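User: Could you walk me through reading this structure? I'd like to learn one feature at a time.
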Amino acid sequence: EAARFNVIAALTNLAAAEPNRMRMLAEPGLVDNIARVIHNERSDVARQCSALAIMNLSNGDREHVPELAGNDLLLDTLVALMKDDLPETRRNAAVALFNIACADQNTVRLARYKDGVVLEALTQIIGADPPPMGAAGGGGGGGAGGVNSVHDEARTNAAETLFNMSCSEIREATERMAEHCGLLEALAVALGRPGAGVDVKMYCAATLRRMAEITHAPSPSQGALLGALIKASPWTRTPCIAEAFRAQAEVPEDRLVMAKQHGLLNALSRMALTVGGGESDRVRNAAVSALEMIAREESTRGLMARNEGVMMALTRASYGPVRHGATATHAAHRGVELMDEDVDQGRRVQLALKNLVASM
């Protein structure tokens with residue numbers, strides 16, 4: 001047993017050096033044997049070393065991302081490690097999956113594997129609650145704070161992996177993500193979790209925005225996407241969710257679907273009334289732009305005109321762009337010059353409001 005551990009430790013150390021990795025990956029059977037240790041070895045330390053070796057190997061080198069997604073045993077191993085009791089092991093597995101997902105050709109293999117097993121493992125990590133206060137586990141600083149920190153690192157890597165996969169140019173990869181049961185909702189729920197770190201939330205919001213850019217009617221996943229965006233709409237720390245709504249509204253075929261989606265107009269109008277500093281201007285402008293585009297379709301106007309929040313948001317926006325609480329009229333009094341794009345949007349909003357009033 002000691003000899004086996006020494007071999008595993010030596011391989012882990014060798015894989016930590018970048019010049020060794022591609023040579024080790026080319027060695028027949030080496031990766032499979034490291035993976036088998038995790039399934040067969042009873043020693044937690046040996047399993048941890050093997051997980052670390054896989055994470056190191058997955059880094060490849062500066063010119064190569066290893067095509068490890070074609071190794072079924074390795075993917076089975078990483079899925080098992082994502083459920084491990086030790087937070088460091090879960091983190092190392094999440095890092096390995098992130099590294100693998102950095103190559104576009106790997107993303108579709110990850111999404112396709114066993115009909116979504118990898119996607120489900122990533123979804124579960126994002127949605128997992130942090131360990132209770134006082135929980136023990138691994139190194140990570142030796143206390144609840146260290147355990148929670150490692151747990152959040154795993155969630156961050158899982159969220160970043162999903163973002164990388166959503167940016168794939170291979171259509172099948174993104175379609176499988178959109179169709180995976182519960183994935184879009186998990187991204188939205190993570191935005192409202194008090195225990196989730198800022199980085200986790202930013203990757204989740206960015207992934208939802210990306211999915212909104214590529215998922216349109218008549219996709220069967222659009223309903224789940226819109227439902228997730230409604231649930232995510234309180235997120236205004238970045239403009240990603242408002243921009244996701246705008247990306248949907250830019251496609252004429254999506255506009256009536258959006259207007260009919262329960263709660264969407266209410267969520268969008270609340271975002272269009274956002275005030276405050278930070279990203280508030282960008283959130284508000286994207287939401288107003290989405291409402292204006294939805295109102296271009298005659299079929300949507302009756303629904304919109306009956307929505308008090310929509311009418312209030314567009315009425316306020318019709319006075320001009322709001323910058324840190326000041327309308328265009330106030331800006332003019334202060335001698336602040338408005339940009340042409342602001343003027344153009346103001347005119348479009350006024351026309352939208354006129355059309356909605358006419359449809360009453």
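This is a predicted model: local features need pLDDT of at least 70, side-chain atom pairs count only at pLDDT 80 or more; totals for chains, interfaces and linings use all residues.
User: Let's start with R237: is R237 buried or exposed?

Analyst: Residues are numbered from 1 along each chain as its sequence is written, and side-chain values use heavy atoms, leaving out hydrogens and water. Buried means under 20% relative accessible area, exposed over 50%, and partly exposed in between, with a 1.4 Å probe and protein chains only. R237 has a relative accessible area of 55%, so R237 is exposed.

User: Which residues does R237 touch, not counting residues up to four places away in sequence?

Analyst: A contact means heavy atoms within 4.5 Å. By that rule, R237 touches V198 and E279. R237 and V198 sit 39 residues apart in sequence, with 9.4 Å from C-alpha to C-alpha.

User: And how many aromatic pairs does a search of the whole structure find?

Analyst: A pair of aromatic rings is described by the distance of the centres and the angle of the planes. Rings of Phe, Tyr and Trp (its six-membered ring) pair if their centres lie within 6.5 Å; planes under 30 degrees apart count as stacked, over 60 as edge-to-face and the rest as tilted. The search finds one pair. The ring centres of F163 and Y203 are 6.2 Å apart and the planes are at 40 degrees, so the pair is tilted.
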